[in-house]
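Here is a short briefing to read with the model open beside you.

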Amino acid sequence: MVEATEKLTKKSEDPSRWYLDLIRMAKLADYGPVRGTFAIRPYGFAIWERIQCDLDGRFKATGHQNAYFPLLIPESYLKKEAEHVEGFDPELAWVTIGGREELEEPLAIRPTSESIICDFYRNWVQSYRDLPILINQWCNVLRWEKVTRPFLRTAEFLWQEGHTVHATAEEAREEALKMLNIYRDCFYEAMALPVLTGIKSPSERFAGAVETYTCEGLMGDGRALQAATSHDLGQNFARAFDITFLDERQERVYPYQTSWGLSTRTIGGLILVHGDDRGLKIPPKLAPVEAVIVPIWRGKNKAEVRKEAEALYSELKGSGFRVEVDLDEEHSPGWKFNEHELRGVPVRVELGPKDIEKGQVVLVRRDTGEKEFVGRRGMPESLRALLAEIQENMLHQATEFRNANTRRAETYQKFKEIIEEKRGFVIIPWDGTEETEARIKEETKATIRFLPFEREEGKDPVSGRMGRTAVFARAY
RNA sequence: CGGGACGUAGCGCAGCCUGGUAGCGCGCCUCGUUCGGGACGAGGAGGUCGGAGGUUCAAAUCCUCUCGUCCCGACCA
């Protein structure tokens, strides 16, 4: 018998190909005509909408409001913060012609919006009574990337960028940390991604920030992925863009700012962490479809099974589930099982003649593949409980993996071995110098992912000098 | 941006070396039979061979350039 449909490449055989196959086969995204551009297809976008919904709720709950700023940024604006331009210059795309006429000033397509937003903030911030300003925008940005991969690194991508202004340095720092924790909570609670948080080393810091905080995830292949960052901008941008306000003592002072972002890259992280040889595995809270009902019928009882399946669908939908019923008559149940597993639907509900007879349904969970028979009557409760269990189990599995792949190295030799053979996060004290950091990167391809918040001193195995522990990994 | 590989139907590929009317599998459409882990039969649609030049009576095939994709390195959410 010939294989009826294309098989997904095994994750273990060729992870890179697996990743690309999966995105195509699960209809998450499709390549665009310009390098690094992609269409996010409805199913992929639905996942993004779930992330948006969760995060947006958390932003609003902490007093932030959404707004929208221009896509085009005049060159002169971008140039105001020296480090900032320098950091982004190599990846800017420029608009130089409008209506067939050369523009007086080139316009950059935003790679991030600090500069244009600061220009508005200069006018919006006049008094301490205007502060804090807590604004977020959901938008697309463009960075002229040389090497691109769907979701993980695309030229154009979707994200949210928060931009806040505060009266004091402490407030700004607190805000940056607060948002980092919001990201962390969203990763743990909604995405089942057990990210670690910490501080970026100066070389990995956002261009123009005084401190960058990060959420770092560990992918299935042992490489790290920067999943979200939150920046304490200090007064750097305020000074560059001349944002000032009169404080309570009637003195004109510069405010302190933050910015923080999470992008569609996160979807790539979800795929890499949870996916397996059968395909995607979406945590229930993020799944566009929490459960799919697959009716199993034979010629003679098709009508009856169909009717039961539709009734169950209505009932579950009525109970608030994101549910789908697969009434397609062209494919066999087996084909449907594979298809929905590929798409990562957390629970499959099988309903056939035998089940109807016994007043039951079959629940099959995507995370473990386990089957259970539950009474038709108590369906909504059973499903709710199972989804919660899957959500928990997925986080648990990912956490176990992360823990098992987070190691301490006593010597530089040991460090190299772990990075080479096992990968994962490797913890060693770092003397704080750029030279040591660069040497490690040069020799092992590992970079400092972050410095843990809990400060810990030790002897740097590379230089022999004392320093603070840092978490290293090869990164995406 | 360096080093390598590859662009032929929606997807995976053959054909290219040795130029001569573009093929296979899956998918897609129609009809019928099927349906508890990727069903089967019979019909059918679909390609300016990534693009531009060149060589030739003739180019998917040979040459040059260009764009794109993938893998490995340097830069980045």
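Glu189 is partly exposed, with a relative accessible area of 39%; here buried means under 20% relative accessible area, exposed over 50%, and partly exposed in between (1.4 Å probe, protein chains only). Its side chain meets that of Arg58 in a salt bridge, at 3.0 Å from N to O. Because Glu189 lies in helix H6 (residues 169-189) and Arg58 in helix H2 (residues 42-61), the pair ties together parts that are 131 residues apart in sequence.

This is a predicted model, in which local features need pLDDT of at least 70 and side-chain atom pairs count only at pLDDT 80 or more, while totals for chains, interfaces and linings use all residues. Residues are numbered from 1 along each chain as its sequence is written, chains are lettered from A and ligands numbered from 1 in the order in which they are written, and side-chain values use heavy atoms, with hydrogens and water left out.

**Salt bridges**

- The structure holds 34 salt bridges, each defined as a side-chain nitrogen of Lys or Arg within 4 Å of a carboxyl oxygen of Asp or Glu.
- Lys200 and Glu216 form one of them, with their closest N and O atoms 2.7 Å apart.
- Lys200 sits in the loop between strand S9 (196-199) and strand S10 (211-218) and Glu216 in strand S10, so this pair links parts that are 16 residues apart in sequence.
- Both Lys200 and Glu216 are buried.
- Glu290 pairs with Arg322 in another salt bridge, with 3.7 Å between the closest N and O atoms.
- Glu290 belongs to the loop between H8 and strand S15 (291-295) and Arg322 to the loop between helix H9 (302-318) and strand S16 (323-325), so the two tie together parts that are 32 residues apart in sequence.
- Glu290 counts as buried at 11% relative accessibility, whereas Arg322 is partly exposed at 23%.
- Lys200, Glu204, Glu216 and Arg449 are joined into one network by salt bridges that share partners.

**Helices, strands and buried residues**

- Helices (H or I, at least four residues) and strands (E, at least two) are DSSP runs, numbered from the N terminus.
- In helix H1 (residues 15-25), the buried residues are Trp18, Tyr19, Asp21, Leu22, Ile23 and Met25.
- Their cover includes strand S1 (29-31), helix H8 (265-274) and helix H10 (333-342).
- Leu342 lies in helix H10 and is buried, with a relative accessible area of 8%.
- The contacts of Leu342 (heavy atoms within 4.5 Å) include Leu22, Met25 and Arg278, not counting residues up to four places away in sequence.
- Leu342 and Asp276 are 66 residues apart in sequence and 9.1 Å apart in space, C-alpha to C-alpha.
- Gln257, in strand S14 (residues 256-263), is buried with a relative accessible area of 3%.
- Among the residues that Gln257 touches are Cys118, Tyr121, His231, Asp232 and Phe237, again leaving out residues up to four places away in sequence.

**Surface patches**

- Patches are made of residues with over 30% relative accessible area and no salt bridge; like charges are joined within 9 Å, and nonpolar side chains (Val, Leu, Ile, Met, Phe, Trp, Tyr) within 5 Å.
- Accessible areas come from the Shrake-Rupley method with a 1.4 Å probe, and for residues only the protein chains shown count as cover.
- Arg298, Lys300, Lys354, Lys358 and Lys371 gather in a patch of positive charge on the surface.
- Lys and Arg count as positive and Asp and Glu as negative, with His and the chain ends not counted; the place of a charge is NZ of Lys, CZ of Arg, CG of Asp or CD of Glu.
- Lys371 is in strand S19 (residues 371-375) and counts as exposed at 53% relative accessibility.
- Tyr68, Leu71 and Leu72 make a nonpolar surface patch of about 270 Å².
- Leu72 is found in strand S4 (residues 72-74) and is partly exposed, at 34%.

**Backbone details**

- Leu131 and Pro132 are joined by a cis peptide bond, with omega about -5°.
- Pro132 lies in the loop between helix H5 (114-124) and strand S7 (133-142).
- Gln250 is not a glycine, yet has a positive phi of about 65°.
- Arg423, also not a glycine, has a positive phi of about 60°.
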